[in-house]
Amino acid sequence: MVIDSQLMSFFTAGSLIVIGIFAALFLDNLIKKIIGLAFLGDGVNLFIITMGYKPGGIVYIFLPDMTISNFAQTAAYPLPFALVLTNIVIGASTLAVILGLVMVLNKRHGSLSAAKILRDKGE
Amino acid sequence: MSFYDVILNKIRKIQEKAGEDEPVTNVTASTMLTAELTLIASVLIAVVMVRLIHPVLMIIMVAAILIIVFTAMPIMPRLRREQNDDLNNMMFYVVVALGVIVALFYWGNLNV
Amino acid sequence: MDMNVLIAVMVILPIASALFLNLLHKKDRTIKIIAIITAIVLPIIPLLTPYGSHFFGGYVPLAQDPSLAQGLPALITGSQLFQFHLGIMYVFSSAKQLMIFILGLITFFAIFTFINESKRPSGVYAFLMFMGTASVSAILLSDDIFNLFVFFEIAALAQVGIVIASGIKNNYETALKYILLGNIAGPLLLLGIVMLLGITGNVNVTDMIFTLKNGYVNPQSPELLIALALIVFGWLYASGLPPFHTIKSAVYSKALPHGSALLQAFSVFTMVAIGIIIIRLFSYNPFTNIAIIGISLIAMILGITMAIVQTDYKRILGYLAVGELGYIGIGLGLGTAFGITAGLFQAVNEAVITAFLFIGFGTILYKTRISDTRKLGGMMYVNPKVALLVLLAGLAMAGVPPLNAFQSKLMLIQASIQSGLPELGIIMILLSIVTFMTFMKAFYTIYMRPKPKELEVLDNTIPRSTVISLVVFLIVCLTLGLFPEIATNSLQTLAAGLV
């Protein structure tokens with residue numbers, strides 16, 4: 001049985017997103033929550049890459065021996081890949097800020113429990 | 001016992017249940033009362049807009065909300081406790097809202 | 001071909017200035033001068049810029065520049081690709097001019113009061129403020145929905161930074177909560193955007209509308225509806241509508257007063273910008289308007305009732321700011337040209353008034369370092385002039401004539417009656433009264449009741465710059481209140497284009 005790789009990738013992306021939301025919602029450890037959120041971001045990235053996949057497509061680089069019309073018909077759509085690249089950078093910088101904050105709070109409270117650190121302080 | 005004392009006692013009871021040790025002062029009671037009345041009044045007026053879908057449905061909904069309000073009063077102390085700054089609580093409502101929005105848009109667009 | 005470099009400068013200048021300020025560590029004097037100069041220039045640029053569009057990299061649509069299309073096969077020139085926008089496009093119109101001007105003005109006064117209130121302006125604070133302004137300007141200008149997403153994330157990080165830099169107790173916790181929730185909303189907004197990309201093959205809003213309107217895609221397809229839902233969800237996070245109202249008001253209360261004044265302006269303008277895009281793309285769908293009105297109603301009711309029961313005046317203002325967002329949403333959701341104009345006008349007014357209130361009440365924090373209303377009192381004797389200004393700001397927020405929110409709220413009520421929904425008008429009046437009551441309660445406990453014995457008032461004088469900011473905000477409120485045409489005329493064109 002041949003499994004359609006694009007469909008499977010969509011399925012994986014969907015599972016990553018669901019697992020990510022589940023982890024962010026139900027796990028108490030902040031690091032685990034953050035890993036869940038990273039899953040969520042990666043799921044979205046995988047979704048974009050999969051969407052840009054073109055069966056039998058070529059890389060969108062125009063080489064001298066190609067004709068324009070042939071290139072236009074066979075090249076993959078470059079936009080999704082540009083978006084993924086940008087989103088990876090955004091995700092990495094956001095993750096850095098989150099982890100920095102968690103480090104400070106861990107030093108201050110001596111704990112990584114979200115229920116302990118991020119509870120309502122009654123203000 | 002006047003009506004005011006009844007309200008004061010109710011608020012005190014709910015706070016005791018929640019384990020809050022804040023004293024119930026005149027100011028807290030009257031602000032809670034204002035918030036409560038504002039909430040009920042705005043929700044009731046908003047529900048009147050259901051008349052655009054069907055007038056009978058509106059009457060049923062207004063009646064239902066009146067009954068709910070009178071049995072569940074005071075709502076505001078509970079509502080306030082629900083909207084706290086706890087991350088897990090916020091996260092829960094965010095995910096619930098996400099589900100509701102996706103479901104509503106999907107269903108609403110196909111049916112409105 | 002109308003290339004307009006000044007449009008890009010509105011975004012590039014604050015970013016460049018922010019990066020430059022970050023390099024000048026500890027050189028307080030130089031930082032002060034550069035920050036003030038940039039802040040003065042910010043509101044001036046939109047006034048000088050002619051209306052038009054800017055194409056980054058010079059990539060105009062092929063149809064606009066036939067020389068680019070030479071030698072291309074009929075596969076491209078004969079299809080819709082010929083019309084499409086190839087690069088990132090910024091569009092500048094009269095409505096955006098007004099909004100970016102107001103944003104620049106608020107940034108200027110936030111920077112101005114910050115520079116004068118703090119002894120050591122060196123550090124990341126001014127950097128973050130400029131970064132935030134740049135990204136919100138870009139969100140307002142951009143016609144490219146992915147570019148909007150990138151700046152949405154930068155704005156979120158800048159807001160988190162402003163909270164972290166404030167040094168108020170428990171600010172790190174609030175910042176972490178905000179960014180964690182943002183990390184759920186952000187990727188899901190992106191998911192909505194790429195679903196739109198997958199369906200329409202584009203990220204340019206104008207082109208997407210073209211494909212939707214001309215039958216290239218099925219407007220009722222489930223993917224499109226889910227994309228809409230996800231974009232609406234991202235919109236809720238960016239503007240702080242429920243369920244994000246608790247975290248947004250917490251964020252406002254954990255920033256310094258000038259920071260909060262700027263943060264709420266970011267929320268207001270981001271809400272308007274993304275709201276306009278949602279209406280442009282999806283107004284063919286009657287449910288979109290119903291949903292916007294529903295969300296706005298919930299925001300108004302929850303925001304204002306929660307404001308009543310708070311005791312910290314920064315939190316009261318935070319919740320009131322969220323509640324007032326509901327008025328804007330109702331204007332946008334009514335879907336008529338008059339309603340949208342009223343909503344946009346309310347957005348402009350609210351940005352000014354809430355900044356006015358945050359900076360005004362900020363003087364209390366400056367004099368006492370306390371923000372709990374239960375511990376305050378008798379501040380009227382300390383500084384009666386500032387007290388009067390704060391009172392006027394509260395009157396403006398409640399919609400008392402001749403101040404500006406009166407005009408916009410009146411327009412909103414008229415618009416709701418015209419659309420056959422007088423109930424919305426009644427709720428808006430009711431909640432305006434409650435808003436005023438909430439404000440008066442805070443005002444009374446802080447300024448008018450006898451001073452508690454334990455309260456210590458520091459003997460530092462309120463900087464003159466803060467008072468000047470308040471007076472200018474009052475002048476803006478009065479001007480817009482007496483001559484609403486200044487604002488409504490420039491907002492009308494945008495609103496008319498959306499219907």
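The following questions and answers explain the terms applied to this predicted model.

User: How do you know how residues and chains are named here, and what makes a feature count?
Analyst: Residues are numbered from 1 along each chain as its sequence is written, and chains are lettered from A and ligands numbered from 1 in the order in which they are written. Because the model is predicted, local features need pLDDT of at least 70 and side-chain atom pairs count only at pLDDT 80 or more, while totals for chains, interfaces and linings use all residues.

User: What is the confidence in chain B, and which of its elements has the lowest mean pLDDT?
Analyst: pLDDT is the predictor's confidence in each residue, from 0 to 100. The mean for chain B is 82, and 85% of its residues reach 70 or more. Helix H1 (residues 3–18) of chain B has the lowest mean among the elements of that chain, 70. Helix H3 (residues 55–72) of chain B has the highest, 89.

User: What makes up chain B, helices or strands?
Analyst: Helices (H or I, at least four residues) and strands (E, at least two) are DSSP runs, numbered from the N terminus. Chain B has 5 helices and 0 strands. Along the sequence, its pattern reads α-α-α-α-α.

User: How many residues of chain B and chain C are in contact?
Analyst: Two residues are in contact if their C-beta atoms, placed from the backbone, lie within 7 Å. By that test, 32 residues of chain B and 36 residues of chain C take part. On the chain B side, helix H2 (26–47), helix H4 (76–82) and helix H5 (87–111) each give two or more residues. H5(B) gives the largest share, 14 residues.

User: What classes of residue make up the chain B side of that contact?
Analyst: Ala, Val, Leu, Ile, Met, Phe, Trp, Tyr, Cys and Pro count as nonpolar, Asp, Glu, Lys and Arg as charged, and the others, Gly among them, as polar. The side of chain B that touches chain C has 23 nonpolar, 7 polar and 2 charged residues.

User: How many residues of chain A are in contact with chain B?
Analyst: Here 9 residues of chain A are in contact with 8 residues of chain B. The chain A side has 6 nonpolar, no polar and 3 charged residues.

User: Why are H2(B) and H18(C) called roughly antiparallel?
Analyst: Axes are lines fitted to C-alpha atoms, for helices over the stretch in contact, and angles run from 0 to 180 degrees between N-to-C directions. Angles under 35 degrees count as roughly parallel, over 145 as roughly antiparallel, 65 to 115 as roughly perpendicular and the rest as oblique. H2(B) and helix H18 (residues 422–448) of chain C pack at about 170 degrees, with axes 9 Å apart. The pair is therefore roughly antiparallel. B:Thr34 and B:Ala41 are among the H2(B) residues in this contact, and C:Leu430 and C:Val434 are among those from H18(C).

User: Why do H10(C) and H11(C) get the label roughly antiparallel?
Analyst: The axes of helix H10 (residues 245–253) and helix H11 (residues 257–282) of chain C cross at roughly 150 degrees and come within 8 Å. These two helices are therefore roughly antiparallel to each other. C:Lys248, C:Val251 and C:Tyr252 meet C:Ser260, C:Leu263, C:Gln264 and C:Ser267.

User: What makes H10(C) mostly covered?
Analyst: A residue is buried if 20 or more other C-beta atoms lie within 10 Å of its own, exposed if 12 or fewer, and partly exposed in between; C-beta atoms are placed from the backbone. In H10(C), 9 of its 9 residues are buried. C:His245 and C:Lys248 are among them. In chain B, buried residues make up 20% of the 112 residues.
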